[in-house]
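Here are some notes to go with your first look at this model. Have it open beside you while you read.

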Amino acid sequence: MIFWWCFVVFIGAARISSGQLAWSPIQVESNNQVDLFTRQASGCPCQWRSQVDAADTGCACCVRGGCQCGEISPGRCVQCGLEMNCLNMCNITLDSRALQNSSGLSFGLIKSPILQGPVTCKYYLRPVAGQRVELQVYRLVSVGRFNGKHCEGGSLHFGESIGGTETIESNNQVDLFTRQASGCPCQWRSQVDAADTGCACCVRGGCQCGEISPGRCVQCGLEMNCLNMCNITLDSRALQNSSGLSFGLIKSPILQGPVTCKYYLRPVAGQRVELQVYRLVSVGRFNGKHCEGGSLHFGESIGGTETSRSAFLCGANERYSPPAVLFSDDGATTLIFEITEKTVRSQFLAFFSFTSLSNPIVGFHPRGGTRVTSSECDWSYHDVSCMSSSSCAIASPGFPGIYPPDMVCRYHIVTSSIHTKVRITFTSLLLPENKCESHYLALYVGTTSGDDRLATWCGSQKEEKVVTGPNLVLVFHSGSSVPPFDYNGFAATLEFIAPPQTTTTPAPPPVVHPPVWNPATGIEPPGSVPWAGSSPKFTPCDKVITESNGRSGHFDTRGRPFATNCRLIFKGRSTDIVHISLFNYRL
């Protein structure tokens, strides 16, 4: 006897913090209820009869969203819309929109029939845009067993996933695009013989490799690289057109070192590049500080020298479960598989995905800040851009993937008032354990890391911090890459808390309009508010800032013509204090 049951739910996509286990609450209405849709097995009229007799109460009573199964099972209810599958819930489609229309619910129950093996049942769960599929499994009866490495004799497996995580369709599948090594006609022959089933069977998006490897499939569009996936370009638009997929598999050929293979991953606008590494064979080793003898590194490469944006993986025989995950937000990205010593067999296996930046789970990118030009990873955040508690977000480079080693990233935080407070809340923090001297976050008062230190974070200990401005800097230090590469840095939100308003309101100051002058004469026009002292002589490079321009803002001279002497002239009230933060300058 084989039997299983679970709950399924279509929910709006939401961000789950690192280390948080959460599920949608689906509960019966009372402890005496038969199942999710059957309140009791009898006591209600049989609604399915041609003439309903109110006195005939021998049929099941259903909860909201449930309908009686009918004559085949009078004592049971099922979700409205699935009455035809009441006793045979096998090989069916569960469509979110259809179930919402028929039952008013976006969740339900899958209770498989009692089966005798060998047997297979498939359930196709179809969400609408903006939903994810959730499965809650409560009971398994005679569904295989675990042999220490994998399931044998049977299993319940949850098929293809959408949104950056790729899985094979079946535990018996050869690889991501090959369902089985034989059993299908050879589509590449000039004349296809349906009786000739000696070629590989491919999944959606896969194409047979052809005569060079009849028993294998590869992603459509990459047939020419079936046995030599080395030094190739993986273009998001081209693969989408040829295979209908924005993800795929990189299985390097078996190589003898020293050797180098390069993979150029080219996303379209609005995408980031994701890499999931599952297997390394004879790819260097970690000497305690860095990789030697070989590595797989992800990031831009300049003239053969890797920039500090590269993340490195290495190992003699590594199996990553879960995979080592890396992200790049810098457009086209190079993956370099490099062996610098003599080896007999070097190889790696990875999945890649061109993931939308709008993806709520793996599409994180900083919000509300401004990238500091001429810096590798510095950002600036101002309270005028972060008015709500969720409008500003910061994260380590490549989050939620592994961050690059040996980096120092500064997040400058500026307030308009010395009385404004800043709340820093970590939504995720996962740094290598016992490496606090090289992998950590530090918060300083001022604009540099040489100022007073207020707090330090490392490991996975998240602590909210509320501090007062006007100038703070959060510094992220990353040390050398550390196996087993299961850390992903940090993510946090910034909230600026304005000082409480006083009960008395002073008389408003006179409105000061920005002066307009003729640079040729250098004379301020009549009608301007008098200056304290002699009026300055203006030049075309000068800029006058008054209260009418706003109480805060930023100024950039790069768009102005070069001049030997430029002035920022602040014209305000006698009680005003001007705070200036220099984020970037070149002298």
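1. Which cysteine forms a disulfide with cysteine 46, and how far apart are their sulfur atoms? The partner is cysteine 59, with the two sulfur atoms 1.8 Å apart. A disulfide here is a pair of cysteine sulfur atoms within 2.5 Å, and by this rule the count comes to 15. As a reminder, a disulfide is a covalent bond between the sulfur atoms of two cysteines.

2. Before going further, a word on the source. This is a predicted model, in which local features need pLDDT of at least 70 and side-chain atom pairs count only at pLDDT 80 or more, while totals for chains, interfaces and linings use all residues. Residues are numbered from 1 along each chain as its sequence is written, and side-chain values use heavy atoms, with hydrogens and water left out.

3. Back to cysteine 46 and cysteine 59. The torsion about their S-S bond is about 95°, so this disulfide is right-handed. Cysteine 46 lies in the loop between strand S2 (38-44) and strand S3 (59-62), while cysteine 59 is in strand S3, so the pair ties together parts that are 13 residues apart in sequence. Strands are DSSP runs (E, at least two residues), numbered from the N terminus.

4. Next, have a look at cysteine 186 and cysteine 199, which form a disulfide with their sulfur atoms 1.9 Å apart. With a torsion of about 90° about the S-S bond, this disulfide is right-handed. Cysteine 186 sits in the loop between strand S12 (178-184) and strand S13 (199-202), and cysteine 199 is in strand S13, so the pair ties together parts 13 residues apart in sequence. Cysteine 186 and cysteine 199 are both buried.

5. Another disulfide joins cysteine 230 to cysteine 261, at 1.9 Å from S to S. Its torsion is about -105°, so this disulfide is left-handed. The pair links distant parts of the chain, 31 residues apart: cysteine 230 is in the loop between strand S15 (217-219) and strand S16 (232-235), and cysteine 261 is in strand S18 (residues 259-266). Cysteine 230 counts as buried because its relative accessible area is 14%, and cysteine 261 because its value is 0%. Cysteine 151, on the other hand, has a relative accessible area of 41%, so it is partly exposed.

6. Valine 273 has phenylalanine 354 in S28 as its bridge partner.

7. Four strands also form an open, antiparallel sheet in the order S31-S38-S33-S36. Its edge strands are S31 (392-395) and S36 (465-468), each pairing on one side only. The twist here averages 25° from one strand to the next. S31 and strand S38 (residues 489-497) pair in the antiparallel sense over four bridges, and alanine 393 stands opposite threonine 493 in S38.

8. Where is aspartate 383 found? It is in the loop between strand S30 (379-382) and S31. Aspartate 383 is buried because its relative accessible area is 9%. Its side chain makes a polar contact with the side chain of histidine 382 at 2.7 Å. A polar contact is a pair of N or O atoms within 3.5 Å; within protein, one must be able to donate a hydrogen and the other to accept it, and residues adjacent in sequence count only if both atoms are side-chain atoms. The side chain of aspartate 383 also reaches the backbone nitrogen of serine 416 at 2.8 Å.

Terms used:
Pairing = 2+ DSSP bridges. Axes fitted to C-alpha atoms, helices over the stretch in contact; angles between N-to-C directions. Buried < 20%, exposed > 50% of the residue type's maximum accessible area, 1.4 Å probe, protein only.
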